[in-house]
Amino acid sequence: MLLHRTALGAPPIDSLPFDGDAVLRRAGADEGRPFILGPDGSYDIHLNRFLRDLENWGVRSENSRIAYSMDVMLYCRFLYESRGGKSIWDTDGADLRAYKAVRLHGDGPGSISVATWNRSIAALDKWVQWSLYEELLSAEPFRYVDKTVVSPQGPKRVRVNADTEPEAPRQPIRFLSHEDFMLWRDVGLRGLLPDGSPDAKWRGRNGERNALFADLLACTGMRLGEAASLLTTELPPVTGRRLIGDITVPAAVAKRGKARTVYVRPRVARNLHHYIRMERDELVQRRRAQGVYEAAAERLPVRRASRHALLVENGTSWSYSRIGAADRARLVQVDGRGSVVGPLCLWLGENGLPLRRSTWQSVFHRANERCAAFGLDFDVHPHTLRHTFAVHMLGLLLRQTVRALGMREDRRFTHAEVKRLLIGNPLRKLQLLLGHRHEATVYTYLDVLDEAQEIVLAALGDWDEQAAAFERIRLGAEEDQ
């Protein structure tokens, strides 16, 4: 069993009497859609229809759909290789228990964590629900039990797969100090030596681009998929010394479809615009002269773009909140004559085309390996930088809150005082005073309260000053050598 992804616009096969792209589109198999082939190359129509239906069954994140598809494929492979060539349509509880013994309790390199096992169970349970609804199974193949769980509404009884494991204790989050982040970024991504000097052996060509991507993750807390799908037109403008540093993460690319606003530090925002004007523009001009964009299939021409919506070629306005990651990679700006100017995706590879998320994961992996060659023990992933943002921002917000309350910043707070500063809930108190049933009812009063945003922006200003201070120290050390 192998998992593949569709690739629209692939070179045509002359012997086929039909348009392959049109067939895939009619089947709902858009760009990058996963599908499973059997060991003999066979295509299970119903199983692959389930993979295409995942979004309609509550699995809306692209990463989750890929993970669920991989989980189902691995179970199918186990059935074929270790259970006498069985099909998933003939599986039962004994097969699942045997799979659990190998995957969860095995000693080999393929053993997985409890969290990964429970995700596998969730994928298989989703397949069971879908198959029963489609009347492809006559009965549930696995055993289910009732258990009591604690929910926000109190204890309740839920039905779960008997082979689900209790959640393991949450591991401490991994994050980087400011100094460690800059060391990892400069050595791993920019190709410098640990002392900050240039490495004559460095052959990387995209060090500044990669370092800027890491800066963006670390200063906004954006997820990999959110940052990777950014468009140039979504960046905050930089005008003189003033900066409107907000970026809207649209629902179409945000996890669980929840849009939000993140703020970019002024220094990082300026570097993003410098990347667009210099390195990125030079690359786009070279690839445009080579006809790369004119030859690209399935492109989506854009006539005009603002920070909130696009005007596509047929005159239709398209809000960013509705443009998913796959469509974003196809957007190209065109001029008045319809000639392609270049892609709208912010991050481009050497071929001038949008970078995939998997490419960024490889970039981080290579950076860790380069640091290890110098004896630097780093295991940094894109999500590590999200944790790094959260930890540093929490500290900065606490400092700003202390300032806003007129308290001395250099005093030592007791654990209880810190908790009161961080988790005291004035909205709950206001709810009780007003007699509202739901806390959400008092959220409307936040519209006239600007202090919260001021605290966030002040914290970002502190962060920018800290980064500048570290940069001055590093440059001073280089000059002394």
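## Cavity

Met222, Glu226, Ser229, Leu230, Glu234, Ile247, Thr248, Val249, Pro250, Val253 and Arg328 line the largest cavity; a cavity is a set of points on a 1 Å grid over the protein atoms alone where a 1.4 Å probe fits but cannot get out, and lining residues have an atom within 4 Å of a point. The model is predicted: local features need pLDDT of at least 70 and side-chain atom pairs pLDDT 80 or more, while totals for chains, interfaces and linings use all residues. Residues are numbered from 1 along each chain as its sequence is written, and side-chain values use heavy atoms, without hydrogens or water.

The volume of the largest cavity is about 30 Å³, taken as the space filled by probe spheres set on the points. Strand E7 (residues 246-249) gives the largest share of the lining, three residues; strands are DSSP runs of at least two residues, helices (H or I) of at least four.

## Aromatic pairs

The whole structure holds 14 aromatic pairs (ring centres of Phe, Tyr or Trp, the last by its six-membered ring, within 6.5 Å; planes under 30 degrees apart are stacked, over 60 edge-to-face, the rest tilted). Tyr75 and Phe142 are edge-to-face, because their centres lie 6.5 Å apart with planes at 80°. Tyr75 is in helix H3 (residues 62-82) and Phe142 in the loop between H5 and E3, 67 residues apart.

Tyr75 is buried at 0% relative accessibility, and Phe142 is buried at 5% (buried is under 20% relative accessible area, exposed over 50%, partly exposed in between, with a 1.4 Å probe and protein chains only).

## Backbone

Glu135 has a positive phi, near 60°, and is exposed at 71%.

How values were computed. On a 1 Å grid over the protein atoms alone, a cavity is a set of points where a 1.4 Å probe fits but cannot get out, and a pocket is an open set with protein on both sides within 12 Å along at least five of seven lines; lining residues have an atom within 4 Å of a point.
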